[in-house]
Amino acid sequence: MVNAPAVFPAWPGDAEVAVALTFDVDGEAPWLGEGPEYGQRLTLLSQGRFGPERGLGRVLDLLAELDIRATFYVPGHTADHHPDAVTAILAGGHEIGHHGYLHLGTDGLEADGQRAELEEGLAALGRHGVRPAGYRSPGWELTPETLAMLAGLGFSYDSSLMADDRPYWETSGTAPLLELPGHWSLCDWPYFGWTPYHGGLLADPAAVERIWLEEFESARQDNRAVTYTMHPEAIGRGYLLRMLRRVITGMLDRGRPWFATHAQIVALANEPAAGAASPAPVGPAG
Ligand SMILES: [Zn+2]
């Protein structure tokens, strides 16, 4: 199936490119979701806890200093066990999206389990008064079952798939759903995430800075939206937050970015043409 890219009017102001900085506040959930024995691994769990308890504050301070709004995808478990993190994100004027409850990969669950992750995540965020419009699947594994459930649960967009580097229309159940694609190369985790069991690269931040700014330049030339994905437990380390600051100021030096939440970008997308998620192409993409 060919997915139709979304059509946008001009970005606000005289911006050339829409930049979505997004942060997945995973906390301990991914590890606890691996199995009950992980509940005994204090070091691994503490590595996750660094995200909401230490890294997040640094991220929020930087965004406040630069007057940037961002989107934070928060598992229900994080919201339940780190309520101050949710409060701080909301106090900064940022958007919160859904990221499962225990960060369980949708591909490892039957349909009932997938629905439970969605509903329990909604309930946990709801306890903070948050009704998320967007969903990002844990570990970026999205199944047809979960995709089909999203619109029926009130979601208007997803940020899990990668079939284009422009926002594009998907179908969830019978309703259109805007896809805001990310990519592993634009995520901090493959470069900087590391565990004794899953490995990692521990890459040179200068190399990642170049890659991310080159992608910004490409998006600027295309006048498209671009999503960067980060994790406070990784990007919130001191040396990496310095990289993030250089990336943002580098964007400001190179062009005219509009730093936007995912919801702000979605609000600008024109309604999809009839059958837009079918092979029928629609107009130039923004
Ligand atoms: Zn995650």
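User: Is His98 buried or exposed?

Analyst: In this predicted model, His98 is found in strand β3. A residue counts as buried when its relative accessible area is under 20%. The value for His98 is 0%, so this residue is buried.

User: Which residues does His98 touch, not counting residues up to four places away in sequence?

Analyst: Leaving out residues up to four places away in sequence, the contacts of His98 include Tyr73 and Phe155.

User: Which residues donate atoms to the zinc ion?

Analyst: The protein donors lie 2.1 to 2.5 Å from the zinc ion, and along the chain they follow the spacing D-x72-H-x3-H.

User: What is the geometry of the site of the zinc ion, judged from the angles among its 4 donor atoms?

Analyst: The angles among the 4 donor atoms run from 53 to 137 degrees. Four donors count as tetrahedral only if all angles lie between 85 and 135 degrees, and the square planar class has its own limits, so anything else is given another label. For the zinc ion that label is irregular.

User: How many residues apart in sequence are the parts that Asp26 and His103 tie together?

Analyst: Asp26 lies in the loop between β1 (17–24) and α1 (29–32), whereas His103 lies in the loop between β3 (95–98) and α5 (111–126). Asp26 counts as buried at 7% relative accessibility, and His103 counts as buried at 13%. Because of where the two residues lie, the pair ties together parts whose separation in sequence is 77 residues.

User: Which residues does Gly76 touch, not counting residues up to four places away in sequence?

Analyst: Gly76 has its place in helix α3 (residues 76–81) and is buried, with a relative accessible area of 0%. The C-alpha atoms of Gly76 and Gly100 are 6.3 Å apart in space, although these residues are 24 apart in sequence. With residues up to four places away left out, Gly76 touches Gly100, Tyr101, Gly121 and Ala124.

User: How are α8 and α10 oriented to each other, roughly parallel or roughly antiparallel?

Analyst: The axes of helix α8 (residues 205–222) and helix α10 (residues 238–254) come within 10 Å and cross at roughly 30 degrees. Angles under 35 degrees count as roughly parallel, so α8 is, in relation to α10, roughly parallel.

User: Which residues of α8 and α10 make the contact, and what is the handedness of the crossing?

Analyst: On the side of α8 the contact is made by residues including Pro205, Trp212 and Phe216, and on the side of α10 by residues including Tyr239, Met243 and Met251. The crossing of α8 and α10 is right-handed.

User: At what angle do α2 and α10 pack?

Analyst: Helix α2 (residues 42–65) and α10 have axes that are 11 Å apart, and their crossing is right-handed. Among the residues making the contact are Val59 and Leu62 of α2, together with Leu241 and Ile248 of α10. These helices are roughly parallel to each other, and the angle at which they pack is about 25 degrees.

Notes
Residues are numbered from 1 along each chain as its sequence is written. This is a predicted model: local features need pLDDT of at least 70, side-chain atom pairs count only at pLDDT 80 or more; totals for chains, interfaces and linings use all residues. Side-chain values use heavy atoms; hydrogens and water are left out. Donors are N, O and S atoms within 2.8 Å of the metal (3.2 Å for Na, K and Ca); water is not among the atoms, so sites may look incomplete. Four donors count as tetrahedral if all angles lie between 85 and 135 degrees; four count as square planar and six as octahedral if opposite donors are over 155 degrees apart and all others between 65 and 115; anything else is irregular. Helices (H or I, at least four residues) and strands (E, at least two) are DSSP runs, numbered from the N terminus. Buried means under 20% relative accessible area, exposed over 50%, partly exposed in between (1.4 Å probe, protein chains only). Axes are lines fitted to C-alpha atoms, for helices over the stretch in contact, and angles run from 0 to 180 degrees between N-to-C directions. Angles under 35 degrees count as roughly parallel, over 145 as roughly antiparallel, 65 to 115 as roughly perpendicular and the rest as oblique. A crossing is left-handed if the near helix is turned anticlockwise from the far one by less than a right angle, and right-handed if clockwise. Contact means heavy atoms within 4.5 Å.
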